[in-house]
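Here is a short briefing for a first look at this protein. Keep the sequence and the 3D view open while you read.

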Amino acid sequence: MNIDLRHLQILVAVADAGSIRGAATRLRLAQPSLTRQLHRIETALGGAVFDRTPHGVVPTATGTKTLDQARRVLADLDRMWTGAAEILHQLPSRPARVGGVVGAFTDALVPASEAVGDAPVTSHGDPMVSRLVDQLAAGQLDAAVLHEFPGFTLRLPPSLGTRHLITEPIFVGVAEEHPLAQRSELDLAELAPRTWALPRDDDGGLHASFHRACADAGFTARVRHWTTDSAAVAPLVAAGAVCGLYPTTYVLPGMRAMPLAGAPLRRRVLLAWRRDSFVHDRTEEFVAHLYRSYAAIVRHRPAYRDWWAAHATHASPGLPS
C-alpha cells in the first residue's frame, strides 16, 4: 500500500486526539474502520506509530519522527492550496468543482452544474466519503454526492448545505446462467452458501452494514474477494461469487442484477454543497436536474425500473416518475 495524503491526516488526527475513538469522531469515521486503516498504515510504514495504552495512544519514538514529517507535509500542502485558491479567485470565471461517490447522481453532477452555472466544470470521483467531505470543507469542491449506510450517519460540518436525494436499494450481481438469475428477486438468506466480492475502499459503514444485514438474515458472509474496479467483478461472478451492485450501475455482460426482498441492503444518497458556491442560490433547480438525469437512467435499467415501479413512493422525497 502506498501512503497518501489521507493516511497522513489520519496519523495526525489520532495523535491530536490521543485516542482512536476521539480521532474517529473528528474524522467522521466508524471506529472499527479507522482501527483497520491505522493498522494498514503502520504495516505499510514497517512499524508501529503508536503504542496502545489503557488510556489511549502515545507516539512511539519512530512515530514521533513520522508525525513531525506528516505535519510538515500537510502544512506545505495547506499553503499550496491557499495560494492556488487565491489565484483561482482572481480569474474571471473560476471552475465549478464537483465530485462524489459511485452512482448515477454523481454522473449527473456535471450536466446539472453546466445547466445552472456559467463556469467550466471539473469533476472528481472518490469512493471515500471522508475525503469528499474534507475537500468540501477546504473549498476544493463546491458540491458533492455522498452516501451513508444504516447505523452510520454522516457527521457533516454545519457550514455545508445538505439534501437527501434518495434511499437506494443495493442489488446483488449473480452469473446470468445461474438458476437464481431466473428469479424476480432473492432472499438474502438464500445467498448464505455463496462467496462474496465487495469493494475494498469503505469509510462510510458499507462493510459493517453489509455484515449486519447478513447476520440478521441468519448467516455470516464469506467475503473472499476485495475489489477496486467494477470490471474486476465480472470474472469473479462468472466463477460463482456474488457481488453487491448499486442499482443504476451498468451491468457487465454475463451478469444479472437482482433485487433483494425487503431491501435489507441500502444506502441514503445525499447532496452536500458549500453555502458560498453556485449551488446554494439555485439548489432547487440544481436538484431538479439531478432527479431528471437519475430518472432517465432508471428507465434504462430493467431490474431497477421494475423495482422502482413497486417501491418508488418511499424511496425518494422527490424523484419524478
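The largest nonpolar core of this predicted model has 34 residues. Within this core, F105, L165, L271, F286, L290 and Y304 touch the most other members. Helix α10, residues 283-299, is the top contributor, giving six residues.

**The cores**

- F105 is one of the residues that touch the most other core members.
- Beyond its neighbours within four places in sequence, F105 is in contact with V145, L165, I166, V269, L290, Y291 and Y294.
- Two of these partners, L165 and L290, are themselves listed with F105 among the residues touching the most other members.
- There is also a second, separate core. It has 23 residues, including I170, A181, V223 and L260.

**Helix α10 against α6**

- Helix α6 covers residues 109-116 and packs against α10.
- The angle between the two is about 140°, and their axes are 9 Å apart.
- Angles over 145 degrees would count as roughly antiparallel. At about 140°, α6 and α10 are therefore oblique to each other.
- Their crossing is right-handed.
- From α6, the contact uses L109, A112, S113, A115 and V116. From α10, it uses E285, F286, H289 and L290.
- F286 and L290 also belong to the largest nonpolar core.

**Helix α2 against α3**

- Helix α2 spans residues 20-27, and its axis comes within 9 Å of the axis of α3.
- The two axes cross at roughly 110°. The range for roughly perpendicular is 65 to 115 degrees, so α2 is roughly perpendicular to α3.
- On the α2 side, the meeting residues are I20, R21, A23, A24 and L27. On the α3 side, they are Q31, L34, T35 and L38.

**A buried glutamate**

- E148 sits in strand β5, which runs over residues 143-148.
- Is E148 buried or exposed? Its relative accessible area is 7%. The limit for buried is under 20%, so E148 is buried.
- What does the side chain of E148 reach at 2.8 Å? It reaches the backbone nitrogen of L154.
- The side chains of E148 and R268 are joined by a polar contact of 2.7 Å.
- Not counting residues up to four places away in sequence, E148 touches T153, L154, R267, R268 and L270.

**A loop residue with positive phi**

- A263 is in the loop between β11 (255-258) and β12 (266-274).
- A263 is not a glycine, yet its phi is positive, at about 45°.
- A263 has a relative accessible area of 16%. That is under 20%, so A263 is buried.

- T43 belongs to helix α3, residues 31-45.
- The relative accessibility of T43 is 54%. Exposed means over 50%, so T43 counts as exposed.
- T43 and L77 are 34 residues apart in sequence. In space, C-alpha to C-alpha, they are 25 Å apart.
- H300 lies in the loop between α10 and α11 (302-315).
- H300 has 59% relative accessibility and counts as exposed.
- A polar atom of the H300 side chain lies 2.8 Å from the backbone oxygen of A296.
- H300 and Q9 are 291 residues apart in sequence and 41 Å apart in space, C-alpha to C-alpha.

Methods: Residues are numbered from 1 along each chain as its sequence is written. This is a predicted model: local features need pLDDT of at least 70, side-chain atom pairs count only at pLDDT 80 or more; totals for chains, interfaces and linings use all residues. Side-chain values use heavy atoms; hydrogens and water are left out. A nonpolar core is a set of buried Ala, Val, Leu, Ile, Met, Phe, Trp, Tyr and Cys residues joined through side-chain atoms within 4.5 Å. Buried means under 20% relative accessible area, exposed over 50%, partly exposed in between (1.4 Å probe, protein chains only). Helices (H or I, at least four residues) and strands (E, at least two) are DSSP runs, numbered from the N terminus. Contact means heavy atoms within 4.5 Å. A polar contact is a pair of N or O atoms within 3.5 Å; within protein, one must be able to donate a hydrogen and the other to accept it, and residues adjacent in sequence count only if both atoms are side-chain atoms. Axes are lines fitted to C-alpha atoms, for helices over the stretch in contact, and angles run from 0 to 180 degrees between N-to-C directions. Angles under 35 degrees count as roughly parallel, over 145 as roughly antiparallel, 65 to 115 as roughly perpendicular and the rest as oblique. A crossing is left-handed if the near helix is turned anticlockwise from the far one by less than a right angle, and right-handed if clockwise.
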